[in-house]
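Look at the model below, with its ligand in place.

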Amino acid sequence: MSYDPNNIFARILRGELPCNKVYEDEHALAFHDIAPQAPVHVLVIPKGEYVSQDDFSAGAPDALIAGFWRAVGTVARELGVVEAGYRFLANTGADAHQEVPHFHVHIFGGRDLGRMIKRFDD
Ligand code: AMP
């Protein structure tokens, strides 16, 4: 899948659309999810054109991968969720229902998140 430069997170990165920013550095931008599913629900996106975690891990330069994952950790610490615990998640592709085709990590916290994901036989 080729990168769509008009996806909503690309437009946020370019400053064409607003976001409720919580963190930014040279590698990453983090902002509150517009439809939060937990008391803390923040998205962290890399500053680069990567469709998904698959694309990012295969094609991004080492410095960006390192900087991005450090930013995910920094954001979680700054959100104050580390002590109680949190979950990060990156939907990748159709089975995972990825909606926005710019790689992003969700950080969830602020409540008991339950265990893992819904079982396939539930
Ligand atoms: P995913 O299914 O992993 O692609 O999730 C995309 C996420 O982006 C969803 O949780 C949406 O609520 C969130 N989202 C969509 N548009 C915006 C926006 N403009 N600002 C913040 N979050 C957004």
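Q: Which element gives the most residues to the shell around the ligand?
A: This is a predicted model. Both α1 (8–13) and β2 (28–32) supply at least two residues of the shell. The top contributor, with three residues, is α1.

Q: How many residues of the shell around the ligand are charged?
A: There are 16 residues around the ligand, and among those that come nearest are D33 and E99. Eight residues of the shell are nonpolar and six are polar. The charged ones number two.

Q: How far is the polar side-chain atom of H106 from an oxygen atom of the ligand?
A: A polar contact needs N or O atoms within 3.5 Å. The side chain of N91 has an N or O atom 2.8 Å from an oxygen atom of the ligand. For the polar side-chain atom of H106, the distance to a ligand oxygen atom is 2.8 Å.

Q: What share of the ligand's accessible area does the protein cover?
A: The ligand takes up the space of the largest pocket. On its own, the ligand has 510 Å² of accessible area. The protein covers 86%.

Q: Why is the pair of F68 and F103 called tilted?
A: The count of aromatic pairs comes to eight. F68 lies in helix α3 (residues 62–79) and F103 in the loop between β4 (86–89) and β5 (105–109), 35 residues apart. Planes under 30 degrees apart count as stacked and over 60 as edge-to-face. The centres of these two rings are 5.1 Å apart and their planes are at 50°, so the pair is tilted.

Methods: Residues numbered from 1 in each chain as written. Predicted model: local features only at pLDDT ≥ 70, side-chain atom pairs only at ≥ 80, totals over all residues. Heavy atoms only, no water. Near = heavy atom within 4 Å. Polar contact = N/O pair within 3.5 Å; in protein donor to acceptor, adjacent residues only side chain to side chain. Areas by Shrake-Rupley, 256 points an atom, 1.4 Å probe, with all protein chains shown as cover. 1 Å grid on protein atoms, 1.4 Å probe; cavity = no way out; pocket = protein on both sides within 12 Å on 5 of 7 lines; lining within 4 Å. Sits in = over half its atoms within 2 Å of the grid points. Helix = DSSP H or I, 4+ residues; strand = E, 2+ residues; numbered from the N terminus. Nonpolar A, V, L, I, M, F, W, Y, C, P; charged D, E, K, R; others polar. Phe/Tyr/Trp six-rings, centres within 6.5 Å; stacked < 30°, edge-to-face > 60°.
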